Amino acid sequence: MKNICRLIVLVVSFVFFGCNDKSSSVTTPCFTSEEFTVYLVGNYWVNSEAYNCRKENGATMRLSENLWLEMGGGGPSFFLFSPDALTEYFDLVDPVLRQQYGDGYFYVSYRLAFDEDSQTITTDYDGIPKSPMKLVALERDYFMVECSPVYPYPDGTEFTEVVFRKQEKTSCEARFRDAQSYAEVVHPEHLNRITSR
């Protein structure tokens, strides 16, 4: 019986102190590189929600509605995670490009790394979410990250919380089968000044 009690105390201590964020008294979940690989790699995800937030008494307070509802032009992208790469799939927003290239999908690949010690995902992707991203939730059908604030943000915003939702793999593979490399897109002069991917 004593051994069972000791085991319970040990487990509770590990859960409470094992992944405690040093800058606050709030426990942060820990995810291993193996969990990151099992859950994310080889699956398609959509960054379906993004909220500007701040911490109050250890709790995350959302200061905005879903940013995708507030931003004009564009929308969430689809992402395929590989062990060391992130591939973004998206359609073209600009009507001139759509007229030239049609309604198909395009892709761009970026480097990707997950650091287990800091629970941080880094990539050279320059969209929503911004890199580096702190992994704060990881389940089979969704994961959540925190990153630096995304425009537009209200006063008091400390970070942006982004929710990714898992997509059905077979339908994504069919949808993106004929996707073209975005590197092959020739931008009209009016977009050359404002487009960078």
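The dialogue below takes up overall composition, strand pairing, nonpolar cores and cysteines in turn.

User: How many helices and strands does the protein have?

Analyst: Please bear in mind that this is a predicted model. Its secondary structure consists of 6 helices and 10 strands. The protein has 197 residues, of which 38% count as buried.

User: What share of the contacts with a separation of 6 or more comes from residues 24 or more positions apart?

Analyst: That share is 55% in this protein.

User: Let us turn to the strands. Which strands pair with β9, and in what sense?

Analyst: Strand β1 (residues 44-56) pairs with β9 in the antiparallel sense over 8 bridges. Within this pairing, E49 has V163 of β9 as its bridge partner. Strand β8 (residues 142-147) also runs antiparallel to β9, and 6 bridges join the two. Here F143 stands opposite F164 in β9.

User: How should I read the nonpolar cores?

Analyst: The general idea is that nonpolar side chains tend to be buried together in soluble globular proteins. In this model, the largest nonpolar core has 34 residues, and those with the most contacts inside it include F36, F81 and F143. Strand β5 (residues 105-115) contributes the largest share of this core, 5 residues. A second, separate core comprises 8 residues, among them Y44, F78, Y89 and F176.

User: Which residues does F36 touch, leaving aside those up to four places away in sequence?

Analyst: With those neighbours excluded, F36 touches V41, F81, L112, F114, I121, L135 and L138.

User: Finally, how many disulfides are there?

Analyst: A disulfide requires two cysteine sulfur atoms within 2.5 Å. By this rule, the count is 0.

User: Are C147 and C172 buried or exposed?

Analyst: A residue counts as buried when its relative accessible area is under 20%. C147 is buried because its relative accessible area is 5%. C172, at 2% relative accessibility, likewise counts as buried.

Technical notes: Residues numbered from 1 in each chain as written. Predicted model: local features only at pLDDT ≥ 70, side-chain atom pairs only at ≥ 80, totals over all residues. Heavy atoms only, no water. Buried < 20%, exposed > 50% of the residue type's maximum accessible area, 1.4 Å probe, protein only. Helix = DSSP H or I, 4+ residues; strand = E, 2+ residues; numbered from the N terminus. Contact = heavy atoms within 4.5 Å. Pairing = 2+ DSSP bridges. Core = buried A, V, L, I, M, F, W, Y, C linked by side-chain atoms within 4.5 Å.
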